[in-house]
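Please look through the sequence and the structure shown here before reading on.

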Amino acid sequence: MPFLGDKHNESKSREEIILKGIPSSPGMALGKAYVIKPEVIIIPVIQIPADKISHEIARLEDGLHNMMNEIQTALDKVKNDSQNISAILETNLLILKDEFIISSIKERIKTGYSAESAVVQEYENQINFFKNSKDLVLKERSFELEHLKDKLLATIRKKITNHNIPENSVIVAQAITPTDVVNFKESKVAGIITEAGGIASHSALLARSFGIPSVIGVRDAHSLINIDCDIIIDGYAGLIHICPSNECIKEYEARKSKEDEHKRELGELINLNTETQDGIKIKLTANINSPDEVKEAVLFGCDGIGLVRTENLVMNLKRFPDEEEQYNWYKEITDRAYPNPVVLRAFDIGSDKYLEGLPHVELNPALGLRGIRFLLHREDIFSNQLRAFLRASVNKNLKIMLPMISSLNEIEHSKILLEKCKSELKEKDIPFDYKIPVGIMIETPSAALLAGKFAGEVDFFSIGTNDLTQYTLAVDRDNEFVTELYDTFHPSVLKLIKNIVDSAKSKKIPVSICGELAGHAAATNFLVGIGIDELSVPPVILLELKKRIRSLNFKKAKKTAKDIINCDSSSDLMKLLELI
Amino acid sequence: MIRDGFSINAKSIIGVMTLAAEQGCELVLRIDGIDESNASDELNELFESGFGEQ
């Protein structure tokens, strides 16, 4: 929520102002504002006499040439960075060089328009085409074409201002191009704030690649921020503090030094791939309960969020949130994690956690109306949640996961509801990801045994080892009389896990583990050996797990996993797992 | 390059963008010119290899 200080006093007392935008590149920084005022170029439609045509064409070619040179210079600056970075700049170059658009601009000049008028008309044609698209990524391209067009116009008019940006500045701009970001990086800027939104934009992508903290979609930023005032930018939460109070600066410094300490401790590990010594890649994702935890997960270098327990929202509010509240919460998470994927699990709620809407107090909630059973029993609550998921999916990095599935008709029934919600949104012209992936938790023995069938119906599996163990062994681990019988490494549980992974592989869908077993030191070798694609764990153990995976050899792990599966004696198993 | 009856010249990157071709959609490629067989082989390879992203 933006709250603004009293406008009349703000210039004198320099009161702290907090603005909220979209977090688009994680990290924190404190620096002096460097405001780049947008160059307003008004291009009137100018008719030119026939004898000026060749002169206008020369001006166009000159402008194109200069701008291509500028991008080429930026390309040279990033030649040692990753290929993705140069690919972005090359795309800009390809657009400028597009022979079809150049020839149509020239044709238009020949019918008697100035170079600028011709550029505006031809680019606008393309821009409008993208602007009307419902696809968020294409819409984003319309803004990029727009920025490219403005830059080209300024270049033709030779109105490019060369900014001499002091080190450690926080850039405040209306919009920026990828080339700008490269130049900012060279000027060692501390952070970037833009008014334009679009976390899918190439500029946002570059800021993330360079690790420059960035907040976008901050309305009126360049009119509210004075040049030279101090700014704290929080790229995790999407907050900016203008003229921060001393308290705020203190808090920032404490957080920043903690972050730096973390980074030092983790050293190089954070930037290394999660792969075995023989090059088998494993995805490492985080289990989280709230938007705030995304920050920690990102800090530890996760590949995404493997599980969001949305029922926490219910338990915190002590009631079911409405669609709007849910949408805001989910969108916050997907924005913060972008471009990494986020798996949102539908409410896994039973009478042990929450009573509203349940028919009666249940004697045995674990075997009662919980997870998907509750959701299908309360279609109103489920549909609200599905609509909120869909609305938050516009970045195309959201996946839906259904909890406690035990039979096929639960999947079918849920999909029918989802389709219904999709048509409702379509009718209202509300955008969402048409192809939003839907996966299931495999945590009942029934689902584990039928995994081969289910794999053809869903987009991914995630194994919940805690419930799978409790249901397979018929042991309530919170019951002190039987708690020692609770054994995630029981041969029956491991055999079920193997069956789930094989079933997923046979239908080529990804399979992850989000239960405690995923982070268990003794299990990593086995899980990697049976071919798990992804492990989802609490953020704090991400790096420890990465270190362990990097010490493994896949071929060896595969052999050990085979021995483990064929082993029926618990004591032999313990030896194989190196537990004794 | 043709999608749902809408065709563009693939030499134009803006043209390719306007196809709005998301992953998994169906495209028809028409290759015409002196190096057409070479070009078609190479394009086939590019598509088969998942554009080097897999």
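## Chain B as a whole

This is a predicted model, and the values given in this report were computed from it. In chain B, the secondary structure comes to two strands and two helices, and when the chain is followed from its N terminus, these elements come in the order β-β-α-α. The C-alpha trace of chain B spans about 30 × 25 × 20 Å along its principal axes.

Chain B has 54 residues, of which 22% are buried. If one takes the contacts in chain B between residues at least 6 apart in sequence, then 25% of these contacts join residues that are at least 24 apart.

## The interface of chain B and chain A

Where the two chains meet, chain A contributes 14 residues to the contact, while chain B contributes 11 residues. The area buried between chain B and chain A is about 1100 Å², and carbon and sulfur atoms give 77% of that area. On the side of chain B, Ile13(B), Ile14(B) and Met17(B) together supply 53% of the area that this chain buries against chain A, which is more than any other three residues supply.

The residues of chain B that touch chain A can also be sorted by kind, and they divide into four nonpolar, five polar and two charged residues. Which links does the rule find across the interface, counting salt bridges and residue pairs in polar contact? It finds zero salt bridges between chain B and chain A, whereas three residue pairs are in polar contact, with both residues of each pair at pLDDT 80 or more.

## Helix 3 of chain A

Helix 3 of chain A covers residues 83-97, a run of 15 residues, and from its first C-alpha to its last it reaches 20 Å, which is close to the 21 Å expected at 1.5 Å a residue. Several residues of this helix are buried, including Ile85(A), Ser86(A), Ile88(A) and Leu89(A). Further along helix 3, Asn92(A), Leu93(A), Ile95(A) and Leu96(A) are buried as well.

Is Asp335(A) buried or exposed? Its relative accessibility is 9%, and because a residue under 20% counts as buried, Asp335(A) is placed among the buried residues.

When its neighbours within four places in sequence are left aside, Asp335(A) is in contact with Ile22(A), Pro23(A), Ile199(A) and Asn395(A).

Key:
Residues numbered from 1 in each chain as written. Chains lettered and ligands numbered in written order. Predicted model: local features only at pLDDT ≥ 70, side-chain atom pairs only at ≥ 80, totals over all residues. Heavy atoms only, no water. Buried < 20%, exposed > 50% of the residue type's maximum accessible area, 1.4 Å probe, protein only. Contact = heavy atoms within 4.5 Å. Buried area = accessible area lost by both parts, 1.4 Å probe. Salt bridge = Lys/Arg side-chain N within 4 Å of Asp/Glu carboxyl O. Polar contact = N/O pair within 3.5 Å; in protein donor to acceptor, adjacent residues only side chain to side chain. Nonpolar A, V, L, I, M, F, W, Y, C, P; charged D, E, K, R; others polar. Helix = DSSP H or I, 4+ residues; strand = E, 2+ residues; numbered from the N terminus. Expected span 1.5 Å × (residues − 1).
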